Amino acid sequence: MGSGLAPAGLRRLYGPEAETDPTQMYEALRREHGPVAPVLLHGDIPAWVVLGHRENLEVMRTPSLFSRDSRRWTAFQEGKIAADSPLMPMVGWQPLCVFADGAEHTRLRQAVIDGLDQFDRHGVRRYVVRHTDQLVEAFAATGRMDLVHDYAERLPMLVMTQLLGMQATEDGPDLVEPTLDLMRGTETALASNEVVTKTLRELVQNKKRKPGRDLASRLIAHESKLTDEEIVEHLRLVLVAAHEGTVNLIANALRLILTDPRFRASLSGGQMTLPDALEQVMWDTPPIAMVPGRWATGDTVIGGQQIKEGDLLVLGLAPGNTDPAIRPDLSAPVHGNRSHLAFSSGPHECPGRDIGRAIADTGIDRLLTLLKGVQLAVPESELTTDGAWLTRRVAALPVQFTPWRTGDEGTISTAVPVSQPLPATARHTVSTPTPAPAATTGRPWWKSLLFWR
């Protein structure tokens with residue numbers, strides 16, 4: 001038996017097999033059990049993983065049968081989940097809309113929606129452009145950077161901390177690693193979760209004294225009358241979900257752009273736009289692969305499996321997107337098609353999906369506008385994947401590009417045409433080589449993709 005099999009013959013949704021080659025494991029589960037499969041979570045706790053696209057939608061859209069309240073979990077009620085379990089940051093009940101149903105879910109979710117709705121796409125894009133320029137400028141003279149560690153892992157946090165009401169350049173860098181870690185299910189996940197939560201508690205107290213136009217202030221003043229604990233937990237939810245998901249989306253999209261000739265050809269030839277390309281990425285490598293979970297409100301049947309009241313179901317977004325019932329040919333393009341599962345569906349559909357798309361779309365476009373002649377600095381065969389039980393992305397993308405030289409006449413400003421100009425204190429220019437007119441003038445960045453190699 002493979003290392004992913006427990007003595008009882010069930011496959012573990014964590015550990016070497018799940019992290020090394022999850023796609024192969026999903027397909028093995030599909031062959032063995034169909035669209036819903038029994039699995040084991042950390043500590044060999046039994047659960048179900050939903051592999052079928054239709055079955056995922058059924059679970060997502062039927063809260064009367066599949067609740068988000070984790071207190072229903074039989075394993076919790078029987079005391080089988082230790083307080084220090086790496087599952088706890090993701091499944092331990094908290095006063096959050098994602099753990100609520102019915103009227104309570106509506107009350108909490110509406111506060112989050114109203115808080116996020118105050119940010120228009122132009123405002124988000126201004127933040128993205130500003131922070132992209134700052135991140136690239138730090139490496140501009142060297143002509144080399146790692147697009148995962150130096151860029152994808154940093155940009156979403158800088159933008160999201162600003163939207164939440166923190167100082168992006170002060171709080172953002174310190175929150176990157178703990179926010180990533182608490183999603184990995186590691187032994188340090190609980191400690192990382194406490195670092196993030198402590199920072200957000202301090203933010204709420206600061207915003208009570210000095211409110212602003214940010215998510216924290218809006219939640220504090222919202223007519224839903226959230227408690228301090230509810231405010232902190234929803235800020236953490238938005239921060240973690242938006243950061244982790246957007247990091248993975250940016251990293252996986254950049255990997256495709258740098259390594260897949262057909263993907264580059266579709267962009268450079270105009271067969272798809274960058275937003276369409278991101279939808280393709282969300283089909284093939286959704287930012288979050290697995291979502292725990294839903295809890296059965298009673299005995300039921302789904303995907304041919306007998307589900308008992310109190311059982312945990314893990315939503316398999318990644319295997320659901322590759323379900324042969326809807327995608328018999330995985331090589332067929334689906335860019336622009338938004339019926340993927342990346343943002344869930346039903347009453348718990350991700351309310352921040354448009355912000356995530358705006359960060360990724362604008363960030364990638366701006367990045368590849370700034371990096372002239374960018375290409376991988378290592379052979380493609382040396383790229384590795386950073387796998388965890390909930391997420392999966394390329395571990396590093398070392399690249400080289402034309403170094404910027406101080407004193408050149410050409411400049412690139414962080415200012416972009418928007419409905420309102422940036423404040424004077426937020427504008428700056430950075431020096432970069434004057435590009436050759438024949439190669440770049442008047443052309444979007446993707447028109448040069450075919451000439452990188």
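Trainee: What's the strand order in the open sheet of three strands?
Mentor: The order is E5-E13-E10, and the pairing is antiparallel. Strand E5 (144-146) and strand E10 (375-376) stand at the edges with a single partner strand each, so one side of each has no neighbour in the sheet. Keep in mind that this is a predicted model.

Trainee: How many bridges between E5 and E13?
Mentor: Three bridges, in the antiparallel sense, with E13 covering residues 398-400. As for who faces whom, Arg 144 stands opposite Gln 400 in E13.

Trainee: OK, the other one. What's the order in the open sheet of six strands?
Mentor: That one reads E1-E2-E3-E9-E6-E4, and its pairing is mixed. E1 and strand E4 (66-67) are the edge strands, each with a single partner strand, so each has one side left without a neighbour in the sheet.

Trainee: And which helices go with that sheet?
Mentor: Helix H3 (residues 53-60) packs on the sheet and touches E2, E3, E4, E6 and strand E9 (312-316). The direction of H3 makes about 125° with that of E9. Then there's helix H2 (residues 22-33), which lies across E1, E2, E3 and strand E6 (290-296). H2 runs at about 125° to E2.

Trainee: Do E1 and E2 run parallel or antiparallel?
Mentor: Parallel, with two bridges joining strand E1 (residues 11-12) to E2. Arg 11 stands opposite Val 39 in E2, and the bridge partner of Arg 12 in E2 is Leu 40.

Trainee: What about E2 with E3, parallel or antiparallel?
Mentor: Antiparallel, over six bridges, with strand E3 spanning residues 45-50. Leu 40 turns up here too: its bridge partner in E3 is Pro 46. The two strands form a hairpin with three residues between them, and Gly 43 in the turn has a positive phi of about 85°.

Trainee: Is E2 mostly covered or mostly open?
Mentor: Mostly covered: six of six residues in strand E2 (residues 36-41) are buried.

Trainee: Switching topic. Gln 305, buried or exposed?
Mentor: Buried, with a relative accessible area of 16%, where the cut-off for buried is under 20%. Gln 305 is found in strand E8 (residues 305-307).

Trainee: What does Gln 305 touch?
Mentor: Leaving out residues up to four places away in sequence, Gln 305 touches His 33, Val 36, Pro 38, Trp 48 and Thr 300.

Trainee: Now helices. At what angle do H13 and H15 cross?
Mentor: Roughly 105°, and the axes of helix H13 (residues 228-259) and helix H15 (residues 274-284) come within 10 Å. The two are therefore roughly perpendicular to each other.

Trainee: Which residues meet there?
Mentor: From H13, Leu 249, Asn 252, Ala 253 and Leu 256; from H15, Leu 278, Val 281 and Met 282. The residues of that contact divide into six nonpolar, one polar and no charged.

Terms used:
Residues numbered from 1 in each chain as written. Predicted model: local features only at pLDDT ≥ 70, side-chain atom pairs only at ≥ 80, totals over all residues. Heavy atoms only, no water. Axes fitted to C-alpha atoms, helices over the stretch in contact; angles between N-to-C directions. Helix = DSSP H or I, 4+ residues; strand = E, 2+ residues; numbered from the N terminus. Parallel < 35°, antiparallel > 145°, perpendicular 65-115°, else oblique. Contact = heavy atoms within 4.5 Å. Nonpolar A, V, L, I, M, F, W, Y, C, P; charged D, E, K, R; others polar. Buried < 20%, exposed > 50% of the residue type's maximum accessible area, 1.4 Å probe, protein only. Pairing = 2+ DSSP bridges.
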